[in-house]
Structures are given as structure tokens and as C-alpha cells.
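User: Walk me through how to read the features of this model. Please give the general idea each time, then the case.

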Amino acid sequence: MDIYVHPCNKKNIGDELNHWFWPELMGDALHTHHGSLLVGIGTVLNDNLPKDRDIHVMGSGAGYGELTHHSQWNIHFVRGFLTAKAIGIDKAKVASDPGLLISKLRPQSCDKKHKLSFMPHVNIDSPRYRDFIHSLGWHYISPSDEESVVLADIAATEKLITSAMHGAILADAYRTPWLPISTSPEILNFKWQDWFSSVDITAELDVMPPIWPEPPSTLAAKAKDKLKAKVVRHKLEQLAQRGAFQLSKEGILEQKQAQIVAEIEKAKHLLLSREVCK
């Protein structure tokens with residue numbers, strides 16, 4: 001069985017976890033059902049998935065693209081209740097995002113080195129954004145940094161502001177309070193609400209004007225860019241002081257981690273016995 005990793009122009013921590021996560025947890029079950037595809041961490045349930053392969057869904061979410069081929073999938077569990085509704089399956093198939101297991105699989109030091117960190121969505125990650133965040137006196141975490149750096153930085157942060165959903169998921173697992181924001185029209189509220197539904201969190205994303213990845217060239221554009229940066233700076237500083245930072249309840253996190261492990265174990269048994277579940 002192969003592991004699906006969403007293609008991206010640059011490394012993205014949420015996608016990259018799939019490379020080691022499933023071999024580590026699935027073991028010999030991955031060597032069964034040759035030609036099949038394991039679809040795990042990510043918002044990847046759509047028509048872009050191969051239509052000529054047997055697909056096993058474990059913790060993925062819907063949101064991007066169209067959904068017309070899900071009847072071909074073996075659904076072991078999904079990320080949230082919005083995904084379950086979107087693909088027409090029983091809500092009993094909902095667990096949560098498998099990324100919540102990160103604190104069990106890759107425990108980190110509890111020393112808090114960063115008072116406040118910012119982690120952007122991968123599509124706006126840039127040296128310019130990093131410099132902007134540093135000008136606020138905050139720590140910057142790139143979703144494209146080496147995995148060990150990203151995990152250590154999130155765990156070492158007192159509070160995290162992020163437009164990367166897996167930044168929030170990893171922070172929740174490491175018990176780092178997080179605040180969700182939207183920094184681009186590409187940020188999909190559906191997927192955030194889908195995950196929120198699985199961990200009993202009620203929250204909305206604070207919307208920020210996007211900052212251009214490269215400095216504009218014309219005088220008018222430069223003036224607009226300067227004003228936009230001022231607005232973003234002011235709003236971020238306000239959120240840092242008075243924003244509603246989130247953290248799932250300890251009992252819910254532990255329950256969800258146990259449920260995800262149980263669902264993976266069930267999937268392993270089905271695969272090793274050559275059975276599948278529709």
C-alpha cells in the first residue's frame with residue numbers, strides 16, 4: 001500500500017507528517033493490499049484522488065474540490081463531522097485529525113522559550129512575512145522548516161497565532177494555546193470548523209488583509225502596502241493582548257488520541273485479514 005502525500009510547491013508540515021506517521025503506526029499492514037492508497041493527514045478528500053485505485057481513508061478531511069467518487073473509498077475514519085456530512089457517512093466514523101497524536105509520537109521539552117510565535121499558512125510563508133513578524137518582536141515558525149524545528153518551536157511557545165490549521169492541531173497536542181486567523185482568501189474556513197467539531201471547540205478565524213510576498217514596485221502600490229502592513233500590525237498586536245486563544249479540554253484531547261489509535265488498530269486488523277470496510 002502506498003501513502004498519499006498532497007503535492008505542494010514547498011514542504012508543508014501537515015503533509016510531510018504522512019511520510020513517517022503511517023509506516024510507524026501501521027507496520028506490516030502497509031505491506032498488504034498492493035496497489036492500494038492510504039489517504040491520511042490533510043484536506044485531501046476530493047476528485048483529485050486517483051479513480052483507478054483502492055483508497056483507504058484514515059483521518060482525512062474534505063473541503064477543497066468536488067466530491068463525486070467517494071463511494072469507491074474504504075473509509076476507516078475521518079477528521080470531523082462536516083466531512084462526514086459532506087461525503088454522506090455515519091458520524092460514528094468521525095474521530096479527529098491524526099496529527100493530534102504528535103505529542104505521543106514525538107514528545108518535546110516543556111521549556112517555553114518563546115512568549116508568542118506566529119505560524120503562517122504555507123502559501124504566504126516568505127522571508128518578507130518572517131521579517132514582518134520579527135519586527136513585532138515575535139518568533140516566526142515556517143511550516144516549511146525542518147519537522148524537528150517546527151515541532152520543537154511549537155512546543156516551546158507560550159502562545160501561537162496561526163493561519164496554518166496543522167499549526168493549531170500540533171499546538172493543541174503540545175498544550176500550546178493557539179489563536180486561528182485567516183491571512184489569505186485561500187484559507188478554508190470549512191476545514192477549520194470540521195476539525196473544531198471533532199474536539200468540541202467553538203471558534204471563528206480572525207481575518208487579516210493579505211501581505212504581498214514581494215514588495216510592490218509602483219508608488220501607489222507601495223503606499224497601499226504600507227497602509228495594509230500598519231493595519232495588520234495593529235490587529236495582530238490587539239489579538240496578542242486580547243485575543244481568544246484556544247485549547248481543547250485535556251479530557252477531550254486524551255479521548256480523541258485514544259480513539260484515533262483504536263481506529264488505526266482496527267484498520268490494521270482489517271488490512272492484515274484482507275478485509276475492507278466501506
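Analyst: Start with accessibility. Buried means under 20% relative accessible area, exposed means over 50%, and partly exposed lies in between (1.4 Å probe, protein chains only). E24 is partly exposed, with a relative accessible area of 41%. This is a predicted model: local features need pLDDT of at least 70, side-chain atom pairs count only at pLDDT 80 or more, and totals for chains, interfaces and linings use all residues. Residues are numbered from 1 along each chain as its sequence is written, and side-chain values use heavy atoms, with hydrogens and water left out.

User: Which residue meets E24 in a salt bridge?

Analyst: First the idea. Side chains of opposite charge can pair when their charged atoms come close. The criterion is a side-chain nitrogen of Lys or Arg within 4 Å of a carboxyl oxygen of Asp or Glu. Here the partner is R106, at 2.9 Å, N to O. The pair links distant parts of the chain: R106 is in the loop between α4 and β6, E24 is in helix α2, and 82 residues separate them. Helices (H or I, at least four residues) and strands (E, at least two) are DSSP runs, numbered from the N terminus. R106 is partly exposed, at 25% relative accessible area.

User: How many salt bridges does a search of the whole structure find?

Analyst: The search finds 10. One of them joins D125 and K10, at 3.3 Å, N to O. That pair also links distant parts: D125 is in the loop between β6 and α5, K10 is in the loop between β1 (2–4) and α1 (13–16), and they are 115 residues apart. D125 counts as buried at 11% relative accessibility, while K10 is partly exposed at 32%.

User: What does the side chain of K11 meet in a salt bridge?

Analyst: E146, with 3.0 Å from N to O. K11 lies in the loop between β1 and α1 and E146 in the loop between β7 and α6, so the pair ties together parts that are 135 residues apart in sequence. K11 is partly exposed, at 33%. E146 is exposed, at 51%. Salt bridges can also form a network, as with D172, R175 and E250.

User: Where does the charged end of R106 sit?

Analyst: A charge sits over a ring if NZ of Lys or CZ of Arg is within 6 Å of the ring centre and within 35 degrees of the ring normal. The charged end of R106 sits over the ring of W20, 3.7 Å from its centre. K159 lies over the face of F245, at 4.9 Å from the ring centre.

User: How do I read ring pairs?

Analyst: Rings of Phe, Tyr and Trp (its six-membered ring) pair if their centres lie within 6.5 Å; planes under 30 degrees apart count as stacked, over 60 as edge-to-face, and the rest as tilted. The whole structure has 8 aromatic pairs. The rings of W20 and F21 have centres 5.9 Å apart and planes at 55 degrees, so this pair is tilted. W20 is buried at 15%, and F21 is buried at 1%. W192 and F196 form an edge-to-face pair, 6.0 Å centre to centre, with 65 degrees between the planes. Being 4 residues apart in helix α8, W192 and F196 are separated by about one helical turn. Both are buried. Ring pairs link W178, W192, W195 and F196 into a cluster.

User: Which residues have the most contacts inside the largest nonpolar core?

Analyst: A nonpolar core is a set of buried Ala, Val, Leu, Ile, Met, Phe, Trp, Tyr and Cys residues joined through side-chain atoms within 4.5 Å. The largest has 49 residues, and F21, W22, M26, W178, W195 and I264 have the most contacts inside it. Elements giving two or more residues to this core include α2 (18–26), α8 (189–198) and α10 (250–272). Apart from this core lies another, of 18 residues, among them I124, F132, I181 and V232.

User: Which residues of helix α5 are buried?

Analyst: In α5 (residues 127–135), they are Y129, F132 and I133. They cover an arc of only 95 degrees around the axis, which puts them on the same side of α5. The arc is that of the directions from the helix axis to the C-beta atoms. The face turned away from the buried side carries the exposed residues P127 and D131.
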